[in-house]
Every structure is written in structure tokens, then in C-alpha cells.
Amino acid sequence: MLGCRLMFDIIEKVGKSNIFKMSFTVGGEQISSIGQGICVLLGISVEDTQKELEHMVRKILNLRVFEDESGKHWSKSVMDKQFEVLCVSQFTLQCILKGNKPDYHMAMPTDQAESFYNSFLEHLRKTYKPELIKDGKFGEYMQVHIQNDGPVTIELESPAAPIDSKQLAKLEKQQQRKEKTRMKVPSESSRERNVPRSKNDPSASSGAEGDVSSEREP
């Protein structure tokens, strides 16, 4: 199971500056922004369930990526610091490359993903403080402005579901049988090459005449 993928942009204010460090803009209008906190880019897989959702919410809120009062790094979570969380759904995180072309068949379809994403936001707000959870507009073309301190970007993936050893052995045997069958059964093209052509077969080409065309004049 691929699970939810999240990328964290850890954003902190420099000195005593109060300007925001992260914002979303749609059609030239700023729709959401935060100062200190975490930007979450959420890639939702077709295989994701409520279990993955809950796991990732726990990780986001408890990941120790900020410094403590003494300046020690990697000591405090976003909840410890009472910082904000800005989220955006980003299906491109589920990209699988086919050669040089990105393929997104593992991303959850839009109608299902929107419902899943809203559940994700709701769970974040219930677990943390609702007023500190911000988001953009699902499915909209947005300009994302990030001033990343560090920069620090962390990619998380929910744990894969455990595979039953008996089921795995069964799948391996099925694959082996398929391979053996594929080796035994000749392809259609090879069967056609091995079938002798009759002299009266109009589709047979005449080597003496040098005719290699499939069409003949009457």
C-alpha cells in the first residue's frame, strides 16, 4: 500500500518579523496564509483508507522538527509550539514515471479524493486547534508561495499494510505458473510463421517474381 505521502515545508519567522511565510493565491487573490508552521502537501493514493489518514495526522502534529527554548534543534512539534498548519492536496506526489512521462493512475480520483481530503482536514482540526489549520481550494489552479527556512523538507509515507506470508507464497506460485504457460504456448505470430503456405494461397508471396505486396492487381 502506498498510503498518504506528505511533504513538510518547515517555515519559521526570521527574527521578530511578523510577515507571513506561506500563502496560496487563486486568480491573483490571496486565499490563505500562515506565519510560523508547517506546509503539508498531501498526495492521496487510491489505496488509502481511514487508517492511513489517522496515522498521518498523528505524524504531522507530533513530528519534532522545531527547536526548543534553549535552541536545541529537532525538539518540539507544531503542537508544542502552537504553530499553524497549512494544507494543500497535491495528486502529483503519487506520480510514477513511465520513461520520462509522469503517470498518475495511483492517485485517488478527484471526487473520492476531495471527500478524503476534507476528512483529513476535519481530523486535523479535531485533534489540534481548528483556527490553526488552514487550507487552499481543492482542485483549483493555485500559486503557492513558500519561504522555507533552512530549507527543511521532509517526505513521509504511511506504513505499508503487512503482507500475509501464505498469500504471498500463493501469489508467487501463480506468477510462476503464468511464466511457464507463457513459455509453452507459442504466440500467434510464431504459429503463423510455422504454418506451411500452399502454392495456391493467394497471400503467399512469390520469391521468383519478387512480389512482397499484400495487394495484387487483377
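Residues are numbered from 1 along each chain as its sequence is written, and side-chain values use heavy atoms, with hydrogens and water left out. Because the model is predicted, local features need pLDDT of at least 70 and side-chain atom pairs count only at pLDDT 80 or more, whereas totals for chains, interfaces and linings use all residues.

Helices (H or I, at least four residues) and strands (E, at least two) are DSSP runs, numbered from the N terminus. An open sheet is formed by three strands in the order β3-β2-β9, with antiparallel pairing; two strands pair if DSSP finds at least two bridges between them. Strands β3 (29-34) and β9 (143-146) are the edge strands, each pairing on one side only. From one strand to the next, the twist averages 20° (axes are lines fitted to C-alpha atoms, for helices over the stretch in contact, and angles run from 0 to 180 degrees between N-to-C directions). Strand β2 (residues 22-26) is joined to β3 by five bridges, and the partner of Ser23 in β3 is Ser33.

A nonpolar core is a set of buried Ala, Val, Leu, Ile, Met, Phe, Trp, Tyr and Cys residues joined through side-chain atoms within 4.5 Å. Buried means under 20% relative accessible area, exposed over 50%, and partly exposed in between (1.4 Å probe, protein chains only). The largest core has 27 residues, of which Leu61, Val85, Cys87, Phe120 and Leu124 touch the most other members. Two or more residues of this core come from each of β4 (37-43), α1 (50-62), β5 (84-89) and α3, and α3 gives the most, with six. Apart from this core lies another, of 10 residues, including Met22, Phe24, Ile34 and Cys39. When residues up to four places away in sequence are not counted, the contacts (heavy atoms within 4.5 Å) of Val85 include Ile38, Val40, Leu61, Tyr128 and Ile133.

Four aromatic pairs were found in the whole structure. Rings of Phe, Tyr and Trp (its six-membered ring) pair if their centres lie within 6.5 Å; planes under 30 degrees apart count as stacked, over 60 as edge-to-face and the rest as tilted. Phe66 and Phe83 form an edge-to-face pair, with 5.0 Å from centre to centre and 85° between the planes. Phe66 lies in the loop between α1 and α2 (78-81) and Phe83 in the loop between α2 and β5, so this pair ties together parts that are 17 residues apart in sequence. Phe66 is buried at 0% relative accessible area, and Phe83 is buried at 9%. The pair of Tyr117 and Phe138 is tilted, because the ring centres are 5.9 Å apart and the planes lie at 35°. Ring pairs also link Tyr117, Phe120 and Phe138 into a cluster.

The structure holds four salt bridges, each defined as a side-chain nitrogen of Lys or Arg within 4 Å of a carboxyl oxygen of Asp or Glu. Asp103 and Lys98 form one, with the closest N and O atoms 3.7 Å apart; Asp103 is buried at 18%, whereas Lys98 is exposed at 56%. Glu122 and Lys126 meet in another, at 3.3 Å from N to O, and both lie in helix α3 (residues 110-127), four residues apart, about one turn of the helix. A further bridge, at 3.4 Å, joins Arg125 to Asp135, and this pair links helix α3 to strand β8 (residues 133-135).
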